[in-house]
Amino acid sequence: MSADTTGLPVTLVSGPSFQVQGQDTLLKGALRAGIGFPYECSVGGCGSCKFDLVEGEVHTLWAEAPGLSPRDRHKGKRLACQSVPLGPVTAKLRLDPACEPRIRPLRQSATLTRVEQVTHDMRQFSFRTPGPAEFLAGQYALLQFPALGLQRAYSMSNLPNPQGEWQFIVRRVPQGAGTGHLFDQLQPGDVLEIDGPYGMAWLRPPERDLLCIAGGSGLAPMLSVARAAAPLLQETGRRLHFYFGVRTPADRAAQALLAGLPGYGDRLRCEEVVSQPSADDARQGGWTGATGLVHEVVDARLGERLAEHEVYFAGPPAMVQAVTELLMVRRAVPYGQIHFDRFF
Ligand SMILES: Cc1cc2nc3c(=O)[nH]c(=O)nc-3n(C[C@H](O)[C@H](O)[C@H](O)COP(=O)(O)OP(=O)(O)OC[C@H]3O[C@@H](n4cnc5c(N)ncnc54)[C@H](O)[C@@H]3O)c2cc1C
Ligand code: FES
């Protein structure tokens with residue numbers, strides 16, 4: 001296979017060739033060409049896109065990206081999501097058919113149309129693109145901030161639509177460059193670029209009951225999955241259990257956002273889990289729900305039945321690690337039933 005648009009040619013040892021356009025990274029070039037290049041985060045955090053540079057030169061966007069260990073660096077490994085080809089390149093890696101994009105990622109200009117407060121530190125940002133918002137529920141996009149010369153990954157919380165509406169629920173990170181810009185600088189009418197869709201934690205046809213676990217800002221893709229799955233629950237006879245792990249009662253948002261979906265309170269149930277209820281909450285009778293770490297509450301509720309579920313989860317790497325261990329080590333959930341995104 002070989003793409004016929006002009007750009008810099010990339011040859012894969014024992015794989016297809018493709019072209020990389022403009023300032024695209026090797027990973028974006030491969031995915032735009034429909035190639036199953038292994039990846040997860042697109043932002044240098046996970047290390048899934050490692051490859052060997054056999055021939056040619058690349059510009060490295062983020063030299064200290066944590067996706068490469070000191071051992072990887074010693075062996076000369078590169079990250080495809082951080083490598084922009086400077087000329088023809090030959091690369092060596094093992095392709096993964098599971099990473100072949102169902103929808104090839106595209107870059108579109110996007111106008112901010114609305115900003116809504118979700119909690120004290122989370123807002124929903126709605127953008128409009130000229131073309132349709134094509135993605136699978138659970139996927140993410142890369143928001144390019146031209147004023148800052150950086151990009152950040154955010155998961156869509158809405159459903160794909162022909163009108164080109166993209167919604168993101170973003171948690172403000174103290175001193176964060178991208179979230180600082182989104183929260184404090186960007187105004188409705190401002191334009192940036194949306195590049196997507198990316199990610200593998202998209203909703204599969206529900207062949208068993210569903211479990212969604214969100215930690216903090218991991219809420220966005222799980223909302224999208226729940227929104228896509230809810231109308232199917234009745235006809236397929238499935239259930240969806242939704243767990244949202246937060247630090248304090250003030251961080252809760254999932255029940256309010258899910259309440260209008262079909263089957264809510266019946267086939268779709270949501271439980272919010274607070275890890276740090278303050279003494280005041282308890283004294284004032286303010287928080288009477290589940291406390292602790294979200295994966296522990298999930299295990300207490302579903303235990304051995306976990307292996308009967310298709311499981312989707314998103315959140316900070318530590319939460320994703322804890323949930324993965326619970327599912328794979330303690331509860332022997334088959335890997336094919338597990339779909340997650342780590343928010344580096
Ligand atoms: C797949 C995925 C989906 C995500 N979805 C969401 C979501 O729906 N909602 C949400 O609130 N957050 C989400 N995040 C997290 C989000 O992308 C940002 O990391 C977060 O908003 C903090 O960004 P910041 O710029 O404010 O913070 P900063 O502290 O300025 O930057 C944090 C992130 O930027 C990257 N970074 C740091 N330095 C560099 C550098 N020199 N070059 C390149 N990259 C650098 C790293 O990935 C780091 O984690 C997601 C992350 C991933 C990987
Ligand atoms: S996809 Fe490149 S480090 Fe995660």
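How much area do domain 2 and domain 3 bury between them, and what share of it is on carbon and sulfur atoms? About 1200 Å², with 61% on carbon and sulfur atoms. Buried area here is the accessible area, taken with a 1.4 Å probe, that two parts lose on being put together, summed over both.

Some conventions before I go on. This is a predicted model, in which local features need pLDDT of at least 70, side-chain atom pairs count only at pLDDT 80 or more, and totals for chains, interfaces and linings use all residues. Residues are numbered from 1 along each chain as its sequence is written, chains are lettered from A and ligands numbered from 1 in the order in which they are written, and side-chain values use heavy atoms, with hydrogens and water left out.

The protein chain is divided into domain 1 (8-99), domain 2 (106-198) and domain 3 (209-342); the bounds come from an automatic or database domain assignment.

Back to the interface. The C-alpha centres of domain 2 and domain 3 are 24 Å apart. Contact, meaning heavy atoms within 4.5 Å, involves 16 residues of domain 2 and 17 residues of domain 3. On the domain 2 side, Ser157, Ile169 and Arg171 lose the most area to domain 3, together 30% of what that side buries. The side of domain 2 that touches domain 3 has 8 nonpolar, 6 polar and 2 charged residues. For the classes, Ala, Val, Leu, Ile, Met, Phe, Trp, Tyr, Cys and Pro count as nonpolar, Asp, Glu, Lys and Arg as charged, and the others, Gly among them, as polar.

How many salt bridges does the rule find across this interface? It finds 0, with a salt bridge being a side-chain nitrogen of Lys or Arg within 4 Å of a carboxyl oxygen of Asp or Glu.

Next, the cavities. On a 1 Å grid over the protein atoms alone, a cavity is a set of points where a 1.4 Å probe fits but cannot get out, a pocket is an open set with protein on both sides within 12 Å along at least five of seven lines, and lining residues have an atom within 4 Å of a point. Points are joined across faces, edges and corners, and a volume is the space filled by probe spheres set on them.

There are 2 cavities of 30 Å³ or more. The largest holds about 80 Å³; of its 15 lining residues, Tyr39, Pro101, Arg102, Gln139 and Gly199 are the closest to its centre. Where does the largest cavity lie? Domain 1 and domain 2 both give residues to its lining, so it lies between them.

The second largest cavity holds about 30 Å³, and its lining includes Thr25, Lys28, Gln151 and Tyr198. Domain 1 and domain 2 both contribute to that lining as well, so this cavity also lies between them.

Last, the second largest pocket, with a volume of about 550 Å³. Of the 21 residues that line it, Tyr39, Asp96, Cys99, Met200 and Tyr335 are the closest to its centre. Its lining has 11 nonpolar, 4 polar and 6 charged residues, and draws at least three residues from each of domain 1 and domain 3.
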